[in-house]
Amino acid sequence: MNKSVLYSASPLLASRTPVWRSKFIVAGIGLAFVGLAGRAAYIQIFGNEFFQRQGEVRFVRTLALPANRGRILDRNGLILASSVPAPSIWAIPEDVEGSKAQLAQLAKLLDMPLSELNKKLGNDDKTFVWVKRQVDEPVAQKIAALGIKGIYQRKEYKREYPEGETTAHVVGFTNVEDRGQEGMELAFNKQLAGHAGSRRVIKDRLGRVVEDVGEQVPPVDGKDLQLSIDSKVQFFAYQKLRDAVISNKALAGSVVVLDAVTGEVLAMANYPSYVPDKRQNLTGGQLRNRALTDTFEPGSVMKAFTVGLALETNRVTPQTQIQTAPGRIQIAGSTISDSHPNGLLTVEQVIQKSSNVGTVKMAMQMQPREMWEVFSQAGFGQKPQITFPGVVSGRLRPYKTWRPIEQATMAYGYGLSASLFQMARAYTVFGHDGEIIPATLLKSDEPAVGVRVFSARTAAEMRKMLQMAAGPGGTGPKAQTVGYSVGGKSGTAYKQVGKGYGSDKDRKYRGWFVGMAPIEKPRIVVAVMIDEPRGGKYFGGDVAAPVFSEVVQQTLRMQGVQPDMSVKPQIVTHPVEESF
């Protein structure tokens, strides 16, 4: 049986509520709704931009869409550098959840100690840490299969260099951000890199993409770069250079092969070298492109320009006789000597025997300005106009400061400095009928337009003398090769030790050979330098000329150049010693 509620029995219920209180409550509720409506209007209409920005700061991210870096190719289209997918592994340390077995397997896949992995995951920044950059695609797939919470991947690319150490000093390398650091990778970084795209997205707190915002900007891939380098010539030149450095117990070596018609660099190698994508524990000596960055006194290589100037100005002819006895000459109180007395020599024989005395006697008939102008026109003291980082200009002092003894020593290559590349390019003067041609590391099918230094007649006369220097009775007979006529000049110089050249006991040398082939109509110019040979021989004709011979023969065969000699070269076991 239900009992009715007696409101009058409760004093609280029986009391009358004032009308103003009810109105106050209703008004308060109404004001609250008005406040909420105003706040909503402010957020949605008047202050919308501010709150949009705050939301974007917290959740909207712009993701970079990496562009695929352009390839570097040799002159025949062979790949020297290319980019391959290489995901990078990152983590949110505070979210990582994995068993000990999973983490141990992850460390194994990443080829790092488990302690190092744990250290990375214990990073002070609990929201992001790189675990390892640029892992191989199969490794990334295995890591994803582990399913460890808090471990993520980012799409990136890494560079691969199929030719390895053979082309390292030309091609260079990139860093982990895919930016060029050395060589052509650095010189043409802008062209190779392209432009990254972008994608605006909303991410949750775990870094997962929730949705896209706005339009996606696609990446623009980098452009390919085709070099003048011939991979086959480069490989062979590097091999022969390496063998020579090792057999002569030398510090280092370089070789440059130029096309004498187009000015293209067919090969440029240095030893020691390095593997571009494995650069741990490298030294500056390994990274340096010595052919372009190292300068030294060119020595007897300069005699060709001094004699060429004497011929060009009609001071002498190839058959003019010069008395070099007794094998020495006094200039301003200083003595200049030949390696041994030669007596009466023709101008041709001065080059063949590499006589300092004969060269100086011709040089002292000239004005310093004449010599300086020819040396400058041949590129000495001038920075090579070639797109490559670290190219040096060498040193050629103004002629007004030359003293007589300095003019004399410069005539045979002392008192100035040049790189091996500069010497190779300078000899295009003789290989290109008296014109020096611009050199390039990019493929070019057009004949180079040169600048005249000597007449074609003088260039032809000098080629004949250079052929004599590389033949029997000359200083470089070991430069001769089977089937092709060659001409060139060997050089040997003391290395500077402090301000001098050291004592006889600790004296160090450089030996080199610069020449061309075939001699009547040269197709290539080759320069070889061996630095600090310590195997018992140090003359350029002994340590560098044999490399020249092998590189010339193989390069001309690869280019399909018909042999111009039907007999074997007459190689002399003991060449004439150079004067230096």
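User: By class, how many nonpolar, polar and charged residues are in the lining of the largest cavity?
Analyst: This is a predicted model. In it, the largest cavity is lined by 3 nonpolar, 3 polar and 2 charged residues.

User: Which residues line the largest cavity?
Analyst: The lining consists of Ala378, Gly379, Gln382, Lys383, Pro384, Phe421, Gln422 and Arg425.

User: What volume does the largest cavity have?
Analyst: Its volume is about 40 Å³.

User: And how many cavities of 30 Å³ or more does a search of the whole structure find?
Analyst: The search finds 1 cavity of 30 Å³ or more.

User: Changing topic to the largest nonpolar core: which residues touch the most other members?
Analyst: Phe305, Tyr427 and Phe430 do, in a core of 88 residues. Helix α13, residues 303–312, gives the most to this core, contributing 6 residues.

User: What does Tyr427 touch, not counting residues up to four places away in sequence?
Analyst: Tyr427 touches Val301, Ala304, Phe305, Leu466, Lys489, Val514, Met516 and Val525. Apart from the core that contains Tyr427, there lies another core of 31 residues, with Val245, Ala267, Ile530 and Ala544 among them.

User: Back to α13. Why is it largely enclosed by the rest of the structure?
Analyst: Helix α13 is largely enclosed because 9 of its 10 residues are buried.

User: Which residues of α13 are buried?
Analyst: They are Lys303, Ala304, Phe305, Thr306, Val307, Gly308, Leu309, Ala310 and Leu311.

User: What residue with a positive phi follows α13?
Analyst: That is Asn314, with a phi near 60°.

User: Now Gln352: where is its place, in which helix?
Analyst: Gln352 belongs to helix α14, which spans residues 347–353.

User: Does Gln352 count as buried or exposed?
Analyst: Gln352 counts as buried, because its relative accessibility is 10%, and the cut-off for buried is under 20%.

User: What is Gln352 in contact with, leaving aside neighbours within four places in sequence?
Analyst: Gln352 is in contact with Met468, Ala469, Pro472, Gly473, Gly474 and Thr475.

User: One more topic, the open sheet of 4 strands. What order does it have?
Analyst: The order is β7-β3-β2-β12, and the pairing is mixed. The edge strands, each pairing on one side only, are β7 (157–160) and β12 (225–226).

User: In what sense do β2 and β12 pair, parallel or antiparallel?
Analyst: Strand β2, residues 72–73, pairs with β12 in the parallel sense over 2 bridges.

User: What is the bridge partner of Leu73 in β12?
Analyst: The partner of Leu73 there is Gln226.

Definitions and conventions. Residues are numbered from 1 along each chain as its sequence is written. This is a predicted model: local features need pLDDT of at least 70, side-chain atom pairs count only at pLDDT 80 or more; totals for chains, interfaces and linings use all residues. Side-chain values use heavy atoms; hydrogens and water are left out. A nonpolar core is a set of buried Ala, Val, Leu, Ile, Met, Phe, Trp, Tyr and Cys residues joined through side-chain atoms within 4.5 Å. Buried means under 20% relative accessible area, exposed over 50%, partly exposed in between (1.4 Å probe, protein chains only). Contact means heavy atoms within 4.5 Å. On a 1 Å grid over the protein atoms alone, a cavity is a set of points where a 1.4 Å probe fits but cannot get out, and a pocket is an open set with protein on both sides within 12 Å along at least five of seven lines; lining residues have an atom within 4 Å of a point. Grid points are joined across faces, edges and corners, and a volume is the space filled by probe spheres set on the points. Ala, Val, Leu, Ile, Met, Phe, Trp, Tyr, Cys and Pro count as nonpolar, Asp, Glu, Lys and Arg as charged, and the others, Gly among them, as polar. Two strands pair if DSSP finds at least two bridges between them.
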